[in-house]
Amino acid sequence: MKYILIIELAILITMVLIRSAILKKKGINAIVFGETDKSDFILVPIILCFFYAILAPIFNLPLPEILKLTFWNIDIVNYLAIILCTITLIWFAITLKVFGDSFRVGIDEDTKDELITTSTFALSRNPIYLAFVIFFFGVFLSYPTIITIIFLIFLTIMIHHQILREEEFLKSHYKSEYEEYCANVRRYI
């Protein structure tokens, strides 16, 4: 059962990479991570450690026992986690489609794209980030260890920080159009 979430995690990463590759073929650099703020790179080793901590118990890789201990192991929670992550992947795929050529990983200060306010963006100003938090909450439900809860908390804080940074950029870039959008659509949901 836990392999399903690993597959879903791989699908999530693959969707981002495929979308980035499609944009690259169009001459658009979708990966601008760290260009406006080098502190973005703090995430990289933390994410790698998180992936390792999830894979270690499954593939019997070295990891301190305390980090392998789970808070619970309830089948129904695992099923719910898989359902939650599957729904989130669908939401994520829809959002990537709606994002079109505007999709970026990071803040692209040179963007000329239009503000997207339809589909999932009509429900949340940050549907991609919302998807990440919900997806990794599902991962935590299925892998309830100290490392996954720490990662989930850290990821949520970092995403909120990134959202605040992006909001400042969007306010200056789209001006009153973005202000009106903010008045009609919530930051999260």
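This is a predicted model: local features need pLDDT of at least 70, side-chain atom pairs count only at pLDDT 80 or more; totals for chains, interfaces and linings use all residues.
Local features here need pLDDT of at least 70 and side-chain atom pairs count only at pLDDT 80 or more, while totals for chains, interfaces and linings use all residues. Residues are numbered from 1 along each chain as its sequence is written, and side-chain values use heavy atoms, with hydrogens and water left out.

Let's start with the rings. The structure holds 13 aromatic pairs (Phe, Tyr or Trp rings, the last by its six-membered ring, with centres within 6.5 Å; planes under 30 degrees apart are stacked, over 60 edge-to-face, the rest tilted). Phe-50 and Phe-51 make a tilted pair, because their centres are 5.8 Å apart and their planes stand at 50°.

| Residue | Relative accessibility | Class |
|---|---|---|
| Phe-50 | 2% | buried |
| Phe-51 | 21% | partly exposed |

Now to the core. A nonpolar core is a set of buried Ala, Val, Leu, Ile, Met, Phe, Trp, Tyr and Cys residues joined through side-chain atoms within 4.5 Å. The largest one has 46 residues, and those touching the most other members are Phe-92, Phe-103, Phe-135, Phe-136 and Val-139. Leaving aside residues up to four places away in sequence, Phe-92 touches Leu-12, Met-15, Val-16, Ile-128, Ala-131 and Phe-132 (contact means heavy atoms within 4.5 Å).

Notes: Buried means under 20% relative accessible area, exposed over 50%, partly exposed in between (1.4 Å probe, protein chains only).
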